[in-house]
Amino acid sequence: MESLRLYFESEFGISQSDWELFSSKLVQRYFPKKRILTHQGKVENYLSFVESGIVRLFIPKKDGELTFGFVFQGNFVSAYDSFLEQTPCEYVVETITNSVLWQLSYHDLQYIYSTSKIGNLIGRKASEELFLKKSKRELSLLRDSAQQRYLNLFKERPELVQKIPLKYIASYIGITPQALSRIRKRIF
């Protein structure tokens, strides 16, 4: 929890009393790799902070899966649309590696919003972070080549990309694993 407290101090200047309230609602959970955190058709009940590990978001399809997001250590993860609206999720949230998450339930977050000075700021920051990731991905899909999308992902988190199976990376950048293999041969 120390890394999370330091994050909140640096990002928000959270007071000791607000931290005590916020941290009292957090639950640390350990998940093995390949654990589904949010099932398609189920309501997302948690906003999570990734202390360690990698999480992916994907749409299951008859002919495979379409990965549309990765979340790394030090970031928030959630099926956020489902979380906000408390409606069934249209995709799956799954750990890729063994992961440690600090989770806050929807109801506890609503309580923090209503009783603390910092609650709305934390909620806004999490929302902004998730929105910016989504927007960046959409723009990249519209503007960049598959090779550039791969290079961008590799540039952003090279040490973690090595831990993600290539089939997920290929799906994320919108190509087949074979096409990714050809890109990797050209680059390296």
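Q: What makes the contact of Lys134 with Glu138 a salt bridge?
A: The closest N and O atoms of Lys134 and Glu138 are 2.4 Å apart. A salt bridge requires a side-chain nitrogen of Lys or Arg within 4 Å of a carboxyl oxygen of Asp or Glu, so the pair qualifies. The model is predicted: local features need pLDDT of at least 70, side-chain atom pairs count only at pLDDT 80 or more, and totals for chains, interfaces and linings use all residues. Residues are numbered from 1 along each chain as its sequence is written, and side-chain values use heavy atoms, with hydrogens and water left out.

Q: Where do Lys134 and Glu138 lie?
A: Both belong to helix α5, four residues apart, about one turn of the helix. Helices are DSSP runs (H or I, at least four residues), numbered from the N terminus.

Q: Why is Glu138 called partly exposed?
A: Its relative accessible area is 40%. Buried means under 20%, exposed over 50%, and partly exposed in between (1.4 Å probe, protein chains only); Glu138 is therefore partly exposed.

Q: How do you know that Glu129 forms a salt bridge with Lys133?
A: Their closest N and O atoms are 3.4 Å apart, which is within the limit, so the contact counts.

Q: Why is Glu129 called buried?
A: Glu129 has 12% relative accessibility, so it falls under the cut-off for buried.

Q: Why is Arg143 called exposed?
A: Arg143 has a relative accessible area of 59%, and therefore counts as exposed.

Q: How many salt bridges does this rule give?
A: The count comes to eight.

Technical notes. Helix = DSSP H or I, 4+ residues; strand = E, 2+ residues; numbered from the N terminus.
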